[in-house]
Amino acid sequence: MTSDTAHLPPVDAIVIGGGVAGLSAAVALGRSRRSVVVVDAGAPRNAPAAHSHNYLTRDGESPLELTRLGRAEALRYGAQIIEGTALSGTRTESGFAISLADGSVVHGRRLLVTTGLTDVLPDIPGLAERWGRDVLHCPYCHGWEVRDRAIGIIGSAMVGHQAQMWRQLTENVTVFAHLAPELTTEDQGRLAARGIEVVDEEIARVDVDDDAIVGVTLSSGRQVRLDALVVGPNFTARADILVSLGLDTVEMVMGDHVLGTYIEADPVGATSVPGVWVAGNVSAPMDTVVAASAAGVRAGAAINGDLIEEDVQAALARATSASY
Ligand SMILES: Cc1cc2nc3c(=O)[nH]c(=O)nc-3n(C[C@H](O)[C@H](O)[C@H](O)COP(=O)(O)OP(=O)(O)OC[C@H]3O[C@@H](n4cnc5c(N)ncnc54)[C@H](O)[C@@H]3O)c2cc1C
């Protein structure tokens, strides 16, 4: 691992973001004998959670241990890892120049951005501090751990769907609807049919005791006892580098509601800017760890294929000029 980029020669591929998507790409590229630099700020999206699930053979591993192991695998195949933050990119004659926060610049022929997303949470006192512990969003990631417990769903555009997903895990579900779009009569009937209570009153604060949520206090002062809260965050792509290279985020829409933003790409991660790829949550907000990792491998392989074609064209040009 190095933080000294001053004398780094240009590489085949620069990967910005060393979560599971970026590190999986770095392994695929390294194993194809491509030189790779991974620039990583070291804060994967799931870092607040103690355990990661639904990644076969690694069930329950801590997210930071997953990326530590991923870094070790990437290093084994020659990748260089720079701990730092990339600020912006420019196109050069042979590829890209990426400026880092420490003032250094990394040069490479192709660029893969795997910077993930930011979960923007509802502004409720006490909520953000519990994110990833007992403030949850994904039933597949944390649902089993709170099965049969008292779960509160904080309204969002997804509230009807979320409530039914969590009802699969426990009979004790309460919807707090004040932040949600108005529930239709059909939604209300579906919730009532499954024994899900709906509370319209505003939540004043999240109550915590002994490092665990114990409930919420409503604006009237009434307290509701709960073991965990579920939110529907806004998924905001970490896309500054891509924007600096001319790409724009697009809105992720469900019905009339904007759930977040992402960068559009083709199935192997190629964006509309030649030479720039994306993978993982920056382009697919719903990707879980295993899906983001798979997307990284696909993008790494596509970049290798693109470089092979450039190498073939260069060899053909040399062969042609030598024959004259
Ligand atoms: C609380 C929580 C728990 C979750 N639990 C699970 C689970 O149990 N199972 C599961 O499958 N999924 C889970 N997920 C989803 C999982 O977090 C994502 O699928 C996964 O992190 C996506 O990987 P990624 O590589 O795209 O992005 P990330 O893991 O977010 O990695 C992005 C990396 O890029 C770095 N970065 C960002 N910007 C820059 C920059 N400008 N310069 C340099 N580096 C930068 C970040 O620091 C980070 O290291 C959970 C999500 C949350 C929020």
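Asp207 belongs to strand β12, residues 203-209; helices (H or I, at least four residues) and strands (E, at least two) are DSSP runs, numbered from the N terminus. With a relative accessibility of 11%, Asp207 counts as buried, since buried means under 20% relative accessible area, exposed over 50% and partly exposed in between, with a 1.4 Å probe and protein chains only.

## Basis of the model and overall form

This is a predicted model, in which local features need pLDDT of at least 70 and side-chain atom pairs count only at pLDDT 80 or more, while totals for chains, interfaces and linings use all residues. Residues are numbered from 1 along each chain as its sequence is written, and side-chain values use heavy atoms, with hydrogens and water left out.

The chain has 324 residues, of which 47% are buried, and its secondary structure comes to seven helices and 19 strands. Taken along the principal axes, the C-alpha atoms fill a box of roughly 85 × 40 × 35 Å.

## The ligand and its shell

Around the ligand there are 36 residues, and of these Asp40, Ala43, His53, Asp287 and Val289 come nearest; a residue is counted here if one of its heavy atoms lies within 4 Å of the molecule. By class, this shell has 13 nonpolar, 18 polar and five charged residues, where Ala, Val, Leu, Ile, Met, Phe, Trp, Tyr, Cys and Pro count as nonpolar, Asp, Glu, Lys and Arg as charged, and the others, Gly among them, as polar.

A nitrogen atom of the ligand is 3.0 Å from a polar backbone atom of Ala41, an oxygen atom of the ligand is 3.3 Å from a polar backbone atom of Val20, and a backbone N or O atom of Pro44 lies 3.5 Å from an oxygen atom of the ligand. The ligand taken alone exposes 990 Å², and the protein buries 96% of that, with accessible areas from the Shrake-Rupley method and a 1.4 Å probe, and with only the protein chains shown counting as cover for residues. The elements that give two or more residues to the shell are α1, β2 (36-40), α3 (139-142) and α7.

## The second largest pocket

The second largest pocket has a volume of about 280 Å³, a volume being the space filled by probe spheres set on grid points that are joined across faces, edges and corners. A pocket is defined on a 1 Å grid over the protein atoms alone, with a 1.4 Å probe, as an open set of points with protein on both sides within 12 Å along at least five of seven lines, and lining residues have an atom within 4 Å of a point.

The lining of this pocket consists of 16 residues, and Ser24, Tyr55, Gly70, Glu73 and Ser293 lie nearest its centre. Two or more residues of the lining come from each of α1 (20-31), α2 (63-76) and α7 (289-322), and α2 gives the most, with five residues. By class, the lining has eight nonpolar, six polar and two charged residues.

## Loop residues

Thr115 is found in the loop between β6 (105-113) and β7 (117-120) and is buried, with a relative accessible area of 16%. A polar atom of the Thr115 side chain lies 2.5 Å from the backbone oxygen of Arg238.

Thr57, in the loop between β2 and α2, has a positive phi of about 80 degrees although it is not a glycine, and is exposed, with a relative accessible area of 74%. Asp211, in the loop between β12 and β13 (212-218), likewise is a residue other than glycine with a positive phi, near 60 degrees, and is exposed at a relative accessible area of 53%.

Gln80 lies in strand β3, residues 80-83, and counts as partly exposed at 27% relative accessibility. From C-alpha to C-alpha, Gln80 and Val11 are 9.9 Å apart in space, while 69 residues apart in sequence.

Ala86 lies in strand β4, residues 86-92, and counts as buried at 15% relative accessibility. Ala86 and Asp102 are 16 residues apart in sequence and 8.9 Å apart in space, again from C-alpha to C-alpha.

Methods:
A polar contact is a pair of N or O atoms within 3.5 Å; within protein, one must be able to donate a hydrogen and the other to accept it, and residues adjacent in sequence count only if both atoms are side-chain atoms.
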